[in-house]
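Please look at the sequence and the structure below before reading on.

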Amino acid sequence: MEVAAENKVLSFVNGWERPTEENAVRKEALQALNAMEFPTTRVEDWKYTRVGKITKRSFKQLNTTIDTSPYIIEDLDAHQLVFVNGYYREDLSAIKKDDALTIQPVDRVDDAYYGQLVEDIDENVFSLMNKAYSNGGVYLHVAKQMKVEHPIHMIHVLTGDEVVANPRHFIRVEQGGKAEVVTTFQSEKAEESFSNVVMEGHVEANAHLRIHKVQTEAKNCFHIANELFVQDEGSQFLINTITTGSRLTRNGLNVIVEGENCHTEMNGAYLGTDRQHLDNHTLIDQLYSNCTSSETYKGVMDDKSVGVFNGKVIVRQDSQNIEAYQSNGNILLSKEATVNSKPELEIYADDVRCSHGSTTGQLDEEALFYLRTRGISEKNAKNLLVAAFIGDVLEKIDIEPLRKSVDQHFLEEFGWEF
Amino acid sequence: MLTIKNLHASVEEGAEILKGLNMEVNAGEVHAIMGPNGAGKSTLAAVLAGKEGYDITQGEVSFDGKDLLELETEDRAKEGMFLAFQYPVEIPGVSNINFLKTALNEIREYRGEEALNAKDFMARVRKSSEIVNLDPKLASRSVNAGFSGGEKKRNEIFQMAMLEPKLSILDETDSGLDIDALKVVSDGVNKLRSKDNAVIIITHYQRLLDYITPDYVHVLADGKIVKTGPKELALELEEKGYDWLNEEKETV
Ligand SMILES: Nc1ncnc2c1ncn2[C@@H]1O[C@H](COP(=O)(O)OP(=O)(O)O)[C@@H](O)[C@H]1O
Ligand SMILES: [Mg+2]
């Protein structure tokens with residue numbers, strides 16, 4: 001007991017409850033946690049992001065209910081799955097009848113299948129805490145050769161003070177299946193609460209999965225996501241990540257491409273104000289030949305906010321004929337805002353076309369002046385330029401009702417009109 | 001409408017570019033400013049539009065009775081000043097239409113007028129693009145992005161037509177235009193002229209002045225207006241260049 005008390009990780013989770021029903025994933029995660037420490041900035045993957053703001057605090061679980069109406073996206077016409085503080089609230093959810101889609105608790109994922117899928121994947125202390133202590137989350141299963149007709153909207157709401165949410169989800173799209181998922185993360189009357197999310201998935205041969213993640217939690221909350229997707233041959237995977245929320249956000253996104261002729265696309269927009277710290281940490285691991293990937297992340301940082309982009313693409317030795325495009329652009333709206341941008345290409349194959357670029361700068365002064373000479377106020381001129389800058393990322397959100405709700409959020413939050 | 005008295009302006013690095021410039025423009029008039037490269041013509045336009053990076057060390061400028069130098073760039077535009085840029089800026093991602101709608105609505109709000117509805121706005125876009133023969137498709141593209149030199153200049157006059165300024169300053173709007181485009185652009189400017197507005201045309205060729213007849217021609221050299229005359233002065237300058245003015249000055 002004394003040893004446990006000295007371990008910072010174990011004292012952090014002290015008092016959290018675990019579901020009584022045990023399974024292999026949980027047990028192994030719990031065991032692995034014993035040997036874990038919180039990362040410091042000396043750890044390469046966490047070089048730019050200090051987690052002390054989170055780990056010095058303590059958080060409690062809270063199973064409660066909310067009124068979901070503010071979180072429903074108008075006209076999205078989606079399957080609605082509601083998670084309050086990480087607990088799945090079936091009573092608040094509204095699922096349409098669709099033979100293509102099965103929704104079960106995440107524990108129903110077969111242990112052997114899952115174990116094999118994630119065999120060589122590195123966990124970190126946050127994903128392990130989630131897996132050990134998660135008491136809510138779903139296993140979405142999309143049947144072979146079938147398309148889920150409506151988007152699947154996973155509504156996450158964080159509510160209460162110093163609360164931790166550990167939602168854990170798994171999405172399996174079987175051969176040739178197709179699905180589109182919207183995940184929103186919002187908060188209500190939440191102070192200094194913590195979303196610790198795990199979202200994993202398997203896009204099997206020739207399947208298509210598209211995910212749009214929009215995180216707008218309160219700016220005194222914390223958000224760490226560990227996302228992992230495995231793609232089989234001929235599959236297509238897209239994820240758009242829009243982040244305006246949380247005091248500290250870390251989106252850790254890994255895509256392992258385990259088959260030929262795959263396409264991977266990841267786009268992100270992150271917009272910081274105050275003292276927000278927004279970190280996007282991505283990996284695309286190309287293990288097979290004849291694949292393409294495209295990655296565009298854009299940041300707009302104001303006040304004293306800090307943006308981090310660390311995007312790695314690995315092309316393994318036998319992966320020939322790979323096209324990988326990556327770009328990260330940032331605009332600093334204030335002198336005190338900063339961005340750490342680190343694109344990394346690790347290429348071990350010969351026949352590879354890769355491009356990557358990273359820019360950080362201010363708004364174009366000449367353009368600003370030009371707009372103002374036409375009678376546009378400085379504020380509106382800046383808005384037009386910012387909107388133009390991140391517009392190409394937002395255009396990737398091709399579900400019109402979702403795009404509208406994102407636009408509405410930007411208008412309310414920043415006064416930006418698109 | 002515009003009165004410039006003893007205007008001195010330096011760049012922030014210290015060099016004085018405008019060295020005591022005087023000028024008076026009244027409603028209904030067209031003034032041409034000619035002068036050699038580097039004389040300070042674009043600097044004058046930039047200072048009038050309120051561009052940052054210049055120190056006004058002496059002098060005053062009043063525009064319709066207001067102290068122009070005290071106004072923000074956007075408020076100068078709202079008061080009715082328009083600058084057609086020598087080098088229009090490309091702004092990828094901002095559509096011409098969206099930007100003009102924002103501009104027009106802000107200007108109208110400033111003047112206490114209602115925002116234009118979508119139908120009236122589009123009618124105005126159509127009418128204004130016709131004035132300069134601008135392909136209406138360009139109106140919906142990003143501001144100047146990928147436009148040819150001539151298209152950029154026509155886009156400037158298209159914006160002038162949209163915004164209906166009191167005073168327009170056209171900085172080398174003729175440069176880079178072939179003769180047909182030059183005719184189109186000058187026709188456009190002539191159509192927009194009225195007894196209530198005024199135009200300052202900055203150019204160093206007189207050929208534009210064959211199409212837009214100025215009431216006055218000023219010669220700007222070394223940061224000052226060194227000579228003012230009727231439209232015939234432009235022809236004289238074309239023939240003799242600018243050097244004779246220096247000689248004339250020295251002998252005075
Ligand atoms: N921002 C600036 N910094 C330094 N020098 C400048 C700047 N703007 C203009 N100048 C200088 O001022 C002089 C006048 O320039 P400009 O007004 O562009 O002349 P014109 O339009 O008559 O050809 C030139 O010598 C030019 O190099
Ligand atoms: Mg010039």
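## The ligand site and the sheets

Helix α1 (residues 41–49) of chain B gives the largest share of the shell around ligand 1, namely three residues, where helices (H or I, at least four residues) and strands (E, at least two) are DSSP runs numbered from the N terminus. This is a predicted model, in which local features need pLDDT of at least 70 and side-chain atom pairs count only at pLDDT 80 or more, while totals for chains, interfaces and linings use all residues. Residues are numbered from 1 along each chain as its sequence is written, chains are lettered from A and ligands numbered from 1 in the order in which they are written, and side-chain values use heavy atoms, with hydrogens and water left out.

The residues around ligand 1 include B:Val11, B:Glu13, B:Lys41 and B:Tyr54, and a residue counts as near when one of its heavy atoms lies within 4 Å. By type, the shell divides into five nonpolar, five polar and two charged residues; here Ala, Val, Leu, Ile, Met, Phe, Trp, Tyr, Cys and Pro count as nonpolar, Asp, Glu, Lys and Arg as charged, and the others, Gly among them, as polar.

| Protein atom | Ligand 1 atom | Distance |
|---|---|---|
| B:Glu13, polar side-chain atom | nitrogen | 3.2 Å |
| B:Gly38, backbone N or O | oxygen | 2.8 Å |
| B:Ser42, backbone N or O | oxygen | 2.8 Å |

Taken alone, ligand 1 exposes 560 Å², and the protein buries 59% of that, with accessible areas coming from the Shrake-Rupley method with a 1.4 Å probe.

Chain B also holds an open sheet of four strands in the order β2-β1-β4-β5, with antiparallel pairing, where two strands pair if DSSP finds at least two bridges between them. Because β2 (16–25) and β5 (66–67) of chain B stand at the edges with a single partner strand each, one side of each has no neighbour in the sheet. Strands β1 (residues 2–11) and β4 (residues 54–63) of chain B run antiparallel and are joined by eight bridges, and B:Leu2 has B:Phe63 in β4(B) as its bridge partner.

In chain A, ten strands form an open sheet with mixed pairing, in the order β2-β1-β5-β8-β10-β12-β14-β16-β18-β20. Strands β10 (residues 208–215) and β12 (residues 236–243) of chain A pair in the parallel sense over eight bridges, and A:Arg210 has A:Leu238 in β12(A) as its bridge partner.

Technical notes. Polar contact = N/O pair within 3.5 Å; in protein donor to acceptor, adjacent residues only side chain to side chain.
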